[in-house]
Amino acid sequence: MTVNAEWLEIDGERVVQGLQAARETLDTAQGDVVLNFSSVRRIDPNALRAMEKLAGLADGKAVKVVLRGVNVDIYKVLKLVKLTSRFSFLA
Amino acid sequence: MAEIVASLSEERIAYLEGLVSQAGTAAAVFTQYTQEDVDRIVKPMVLAGLEQAQYLARLAIEETHLGVVEDKALKNMVATEFVYNYVKDKRTVGTIREFPERGVVEVAEPIGVIFSLTPITNPTSTVLFKCIMAIKTRNAVIFSPHPSAGHCCYEAVRIMHEAAVKHGAPEGVFTCLESQTLQDNAYLMRHKDVGLIDATGGPGMVKAAYSSGKPALGVGPGNTPVYLEKTADLNMAVVDIITSKTFDNGTICASEQTVVIDDEIYDSVLQKFSDLGAHICNEKETELLGRTVIDPNTGFMQPMAVGQKATDIARMVGLKVKPKTKLLIAPIQGVGPGYPLSVEKLFPVLAVYRAKSVNEALTVCVDVNHAGGIGHTAVIFSRNDEIIQKFGELMNAGRIIVNSPGSIGALGGVYNDMVPTFSFGCGTGGGNSTTDNVNVYNYLNIKRVARRTQAHMWFRVPNQIYFNMNAVENLRQFTSRSTVIITNPAMEQIGHVDTVRRHIPAETLVHVSVIPDAEPEVKVVMQGVEALNFYKADQIIALGGGSVIDAAKIMKLKYESPQADLEELAAPFLDLRKRVVQYPTEKVAQARLIAISTTSGTGSEVTPFAVLLDKEHGRKVTLADYSLSPDVAIVDPQFVMSMPRGLTADTGVDCLTHALEAGVSIFASPYTDSNAMQAIRMVFKFLPIAYEHPGDEEARTMMHNAACIAAIAFSNASVGVNHALAHAFGARFGVAHGRANALMLPHVIAFNAGVPTKFMPSPNQRGYIAHKKYAMVADLLGLGGQTIEEKVKNLVAATEQLLDRLAIPRSIAELGISKEEFEQAMPELVKIAFDDPSWRSNPRMPLLSELAELFWSAYRGRSLPTVAKASQPQTAEEWSCV
């Protein structure tokens, strides 16, 4: 159940920046942080590193990060680098 | 692994982990790329490699001091341009190959992170080659160069990485250990995130790769034998060998090592070598050379000689040679430890052997091949195709190069159409997983997407069937010089044989062979064959019930093809089309088989089956093949008008069983369904009449036709578990086939209509439909019922009523078989029933315990069916003839 969730739109062209903003949100988040990946078609190594960093930070702050609208190609990338277990996913 | 970790510092582990993590991230990101994305990256990489070919060649020479700069530059160009030419149009992403006729599609899955070891001999070209392959296949590579070629490799990796990333490849797709130790390699070889090790190099490295427990492409050393056969174009051969053996000072492991030359051309070949700049060593020089360039302790080449010029090697050894000597040629008299120069020599020293015969030449080549070169490369120069073929068969080599230079030939794409490579798979003989010229397909996991295919079906019947009263008159149209009638004593007594004879053309010589009225034994069959041979029969008329017609089928088989082994032909099979044993097609005689049935049940006059009694083992053996089908069937009810009531009942129920089993068979088709359905309808209507009013011509006619029609159905759809049970039970207790079938029938309908414990694999059916088909039979018979369950119950009840009306015993117990006797027989009954091929087309696979349960149900008698809960509607597709 998502309560008081922070919603953030991730721009497909500026994924790293979007994730940077998400990291900042973690400091003030009251509940879950939901990142909308619907417009992201592909991620690159920098974005992956940013996601790993975000996951680490979220773990430290006990904040649940929910990824929404992740396409299956990106989901497979996250699976390969073992990041799927560190996020929640919402269709 | 713990030992390896303990041998590395924390900083070193962190460094190695960083490399793997970087490569893993790149590989993961790479999975999102399309074929077009990948191809956009590959081309500029190739161009970058071509542009830097000479630069990288110089670097390699400066660092390794091996080989020739011009040749190294050429290798770099081959590794880029030739490899690109091969891979550019290859599909390596997504669907890579399609086999529409098989319903199979191959889909590429990248490996992920590849740990690649590269050799000192071909350092930069190997890196360029592997980078192109990796990008084309969406993999990331961590390179570990030979310690003495680290810098040039690092530079090659840098150039490739820069070009790749510039055109869209993920950052970190190639990384290279700046310096490395054996511990680094061991750590990375065992790393959980490394998917594949691609080890190009010496045997130690390859062995380490294979020992790591990771999937590995280990590509190792060679020892290339060359057979220079007397029919060869000698000028071409000598130039090719020199070109190859001196290319990059002989550092390519596919290069020629020992040339075995036919005696007749030996001297002239050596003269040609000499004329073109080779130095032919005398005995003393050869001995000295062997002692110097081959380590006497290990038997392997001395590293100091590898990749050096011939003149430098001569200087090392202390030989006096001309300043422009290209190659040192050392005659040897054998292969093995006593002949040091018979091993691999990655420098311009070539052993030669004088062979007195083709056999000796090939033998020596085998020896060289097995002296460290198994699986790698072999070369032959010859115009004799037979010898070339023999050489190909004898050599255990992934590449057998014909009339071309070994080294450049093995690389592929220049002298032949082999796949261009810089990694030679040496097969299991070389401790490798492949004999391929390693290429893009070795860098992929190839997945097969296999769509469901429908098995091809058939519908085969004898090409002539004559039916209805007096159909026997059609015999007149069949000309024959010598006809043998196979029949039983009863047919003679009743006068049926005379009836048949009357309709055979007068000019035909007719002979009658009377066999016992029982299932045929081999002895009886062979007596019949003797008669056929004696009379040189060109036509056989089988007049009788199933046993007589079956006997005639087997007689015909043995008469036409005496070599037919009945025991072998009776071998079990699962699918008629894939059976191991094939029926003979070679015939020493030919005879038309006309079957005239005198019972209305087996339908043997149209079936491809024949049952043979194996008295020795107390079993019945079923022969099945469409070549056994009679050529002509005559279904004339005049021959069944006098059939006794008991026989009418038993054979009639046999016919019903055929139709019901064909109807629910996994091989049922709309073609067989139409026949099965019609036969069922006819049996339910006319069997009781034929039984109760034997003189009713219409009922007899309809039942005779029904038997034939049901047989047409089961000839093409086969039968089921009912027959398996009846065969086992009938043979053990001497119960007639039709009666044995009747005892099982209601129980089998209930069994098949239930939810199977095990389904039979049946690609042609969508879901389990046996219960629905029974329900449709009930509908056709107008038995009533709303649900499938009710309809099946009604069918079972109607079957039981029919059996009652025919006064057929309703339980095995009623036959006077005691429970103890039956219990004692049970293990054997179950075993024989399970071995019977009949149930292989049953819709429900019977477990051994279920076969026993069915036998016991039949022993006890009547029972109520349990039917699958079916909520789906019945569709026309499921019962297409309705």
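Predicted model: local features only at pLDDT ≥ 70, side-chain atom pairs only at ≥ 80, totals over all residues.
**Notebook: domain contacts, one buried alanine, and the A/B interface**

Entry 1, domains 1 and 2 of chain B. I began at the interface of domain 1 of chain B and domain 2 of chain B, where the rule finds 7 residue pairs in polar contact, both at pLDDT 80 or more. A polar contact here is a pair of N or O atoms within 3.5 Å; within protein, one must be able to donate a hydrogen and the other to accept it, and residues adjacent in sequence count only if both atoms are side-chain atoms. By class, the domain 1 side of chain B that touches domain 2 of chain B has 4 nonpolar, 4 polar and 3 charged residues. For the classes, Ala, Val, Leu, Ile, Met, Phe, Trp, Tyr, Cys and Pro are nonpolar, Asp, Glu, Lys and Arg charged, and the others, Gly among them, polar.

Residues are numbered from 1 along each chain as its sequence is written, chains are lettered from A and ligands numbered from 1 in the order in which they are written, and side-chain values use heavy atoms, with hydrogens and water left out.

I also looked up salt bridges between these two domains of chain B and got 2, the rule being a side-chain nitrogen of Lys or Arg within 4 Å of a carboxyl oxygen of Asp or Glu. Lys75(B) pairs this way with Asp248(B), with the closest N and O atoms 2.5 Å apart.

I found Ala833(B) in helix α29 (residues 819–835) of chain B; helices are DSSP runs (H or I, at least four residues), numbered from the N terminus. Ala833(B) counts as buried because its relative accessibility is 0%, and the cut-off for buried is under 20% relative accessible area with a 1.4 Å probe, protein chains only. Leu725(B) is 108 residues away along the chain, yet its C-alpha atom is 5.3 Å from that of Ala833(B). Beyond neighbours within four places in sequence, Ala833(B) has contacts including Ala724(B), Trp839(B) and Phe855(B), contact meaning heavy atoms within 4.5 Å.

Entry 3, chain A against chain B. I counted 13 residues from chain A and 13 residues from chain B in the contact. The rule finds 3 salt bridges across this interface. I looked at Arg42(A) with Asp37(B), a salt bridge whose closest N and O atoms are 2.4 Å apart.

Conventions. Helix = DSSP H or I, 4+ residues; strand = E, 2+ residues; numbered from the N terminus. Buried < 20%, exposed > 50% of the residue type's maximum accessible area, 1.4 Å probe, protein only.
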